[in-house]
Amino acid sequence: MTAETLPPPASTIGPLAWLRANLFSGPVNGLVSVFVAAALVWLALQIGGWATSEARWSVVTENLRIFLIGRYPGDLAWRIWLALAIPSVLAGMSAGVHGRASRMLAVTMSAVQALIAVLIATSPIGPLGVLAYAANAACVWIAFLLGLRGWIPRRALTIAWLVSLPISFLLLAGFEGTPLVSVSTNDWGGLLLTILLATVGIVLSFPLGVLLAVGRRSQLPMVRILSTSYIELIRGVPLVTILFMADLILPLFLPGEWRLDRVARAMGGITLFSAAYVAENVRGGLQAIPSGQVEAAQALGLTGVQTNIHIVLPQALRAVIPANVGLFISLLKDTTLVTIIGLLELLNIGRAVLAQPESLGARMEVYTFIAVVFFVLCYAMSQASYRIERALGVGTR
Amino acid sequence: MTAVRRDAHRGTVPMWRDVRVLRIAAQLLVVLIVISIIAFMAANFATATAERGLGFGFSFLGRQAGFDISESLIPYSSTDTYSTAFIVGLLNTLFVSAVGIVLATILGIAVGVARLSPNWLLNRVAAGYVELMRNTPLLLQLVILNFVVFLQLPSVRESLAIGDAAFLNQRGLYLPGPSPGGGFGLWLGFCGAAIAVVPLSRVVARRLEDAGRPSHRLRTLGVLAALALPVVGWIVAGGAPVTFEFPVLGRFNFSGGIALSTGFTALLIGLVIYTAAFIGEVVRGGIQAVRRGQLEAARALGLSEGQVLRLVIFPQALRIIVPPLTSQYLNLTKNSSLAIAVGYSDLFKIGQTMSNQTGQPLPVIILMMGTYLVISLATSLLMNLYNRRVQVLER
């Protein structure tokens, strides 16, 4: 009996084994790993070196107020803070009352505002701003704890959400001849305008989109044809052409007395544009409802309208929340296009800052800052939407 | 019996509760609302234009444009008409979109494959690239490319060069361009024959197969012939039907070859790297959606790794990939309208100039939207035809 001593089996645990399995499983793989790693290190050194020694971040910190709120009067900035406090409190309460899905909204609201507080701390805006946004971020969690107690009726919360947007909007705009001085929308700018355009766009386009989606699946041929043509027309043309139309031609289509300012026109254009995309999302949700639901509703004697309102839409709309968060993200990115019709949203405000003589040659700093802001917002939301998708159990129930 | 029931229905149900009447009434109401909105807007438009003395019409298209366009695929000068200028813009849009779609597809497939790579580092780098592209606005990327990256390029004298062929500098990208030489027509004929020979050999092969004679060789032969024919034509035509003209540095700039402006190059690169991230995700999703059992079954049958990919995975992934890929192609085409930010004369930029000069925004926007719509519909039609071909017939 000649027992041959076999070498010990290759280790399958520990960092070395991990390296072998994931980076050096073969000669080609090893070469790729070394090459990619070298490129990454070089890139990190370049960017790190630039960001820590060469870059003049003072361009960003000195102009932070302009980046955040544009030419909105500095002494009225408390109104923005208050306008943000309303949705912060509501988001916190919703998270407490409804749980899971809305919890992501609350986390995002408080994290973004905490981040703004940190940013303000690096700028000459002053400690009051830091305190205000930190307070807002904290408000979310206080409201969350209140919501958990179960004192807040669900219906009241829904109504509060519905009225909160107009209230926040009026708080920002103000009224002529009252203590709440009116602020021209021409002075709105920066991140404030970016977020406002996207939010107003998605909120206003939602009812229109639901109508269009139901219309596209209607049994009435005229309704179907009209809805389908609208959706396909809008989806077939670029957003810039629609913004261009909203800017130049919408005023001609409306009576001369209805003077719409530029921001309102852009909001109109964005709403008409995103309605078509909301409609397609909702249509996807409607198609996912098993036909047994509709048949059961009909068997119970519900009319067509009742079937839609009580049976089909509640299920369909729940299923399309993640898709609509995705739409909100692309809308947030697309608001940069209002630059082309001359509005001062975040990207265009960056150009305005760069036009100042003292920020000469600081292009990379300004654009990097804007890119990071967009990245943080969009990435956070896409992760949130992913979690919501799982929490709602779309496609698994 | 049903006829009797229906008659009884007509007798008892009053008209205002009869479903058929209600359906027609509802449609009439909707049409009426839409028509009245349109009429309201048209009336306002009529008064507004009358006040400003603008009018409405397409007659300006025949007038002299009077503005220059920096780059054009067809001969154009400022004395040409507005309609010619519009066509120049349209061709520029189609050009950048077509080149962009080809390059974005190639890069996108590479990104998708990298995302599926077993190499952890490559996989993570590809994921980072996708997230970076998807979570920042395209317009911002274009602005950075055009006003930061391209502005840092060297001047004409110190161009970045690849040999004597390609040059990159502040003014743009210069590449060798083909120009027809002697016997060009003859060579073109050979190329045409090469394109025709592949489907021809397939048709013949199918006929033979239907007749019960396997003819795999014939198909291979067809492909080989298609590859050989242009070479044969090249020799027959006397050796130089197409010569490549290289860009040459003159007194102020390069001349000869293909000159691409910085605007075009920035737009193209921006569109390609942005769309490739989305295409990469589409490709990854498509490949991952092929069931694992398919892969295992194919291996169990003794197919090589290449055959597994080519014959089993890819055909099945393709039918999942094509529909979302279509919408990415449409997005790229529509996004090319951001050319205005980098100064490339596409459809939208020329339309805007036309609208400013003529004071006729509505006809211009109708033309522009109509054109974009036709491009979109044509692209989806083509892709739908292709989609029908790659769909696996379910039995």
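Helices (H or I, at least four residues) and strands (E, at least two) are DSSP runs, numbered from the N terminus. The structure is a predicted model, in which local features need pLDDT of at least 70, side-chain atom pairs count only at pLDDT 80 or more, and totals for chains, interfaces and linings use all residues. Residues are numbered from 1 along each chain as its sequence is written, while chains are lettered from A and ligands numbered from 1 in the order in which they are written.

In chain B, helix H7 spans residues 216-236 and includes B:Val236. B:Val236 is partly exposed, because 14 other C-beta atoms lie within 10 Å (buried means 20 or more such atoms, exposed 12 or fewer, partly exposed in between, with C-beta atoms placed from the backbone). B:Gly183 is 53 residues away from B:Val236 in sequence. Their C-alpha atoms are 8.6 Å apart.

Chain A contains 18 helices and zero strands. Its C-alpha atoms fill a box of roughly 100 × 70 × 50 Å along the principal axes. Of the 397 residues in chain A, 39% are buried. Contacts are pairs of residues whose C-beta atoms, placed from the backbone, lie within 7 Å. Among contacts in chain A with a separation of 6 or more, 73% join residues 24 or more positions apart.

Chain A is divided into domain 1 (73-183) and domain 2 (188-378), with bounds from an automatic or database domain assignment. The domain centres, taken over C-alpha atoms, are separated by 23 Å. Four residues from domain 1 of chain A and four residues from domain 2 of chain A form the contact.

Definitions and conventions. Contact = placed C-beta atoms within 7 Å.
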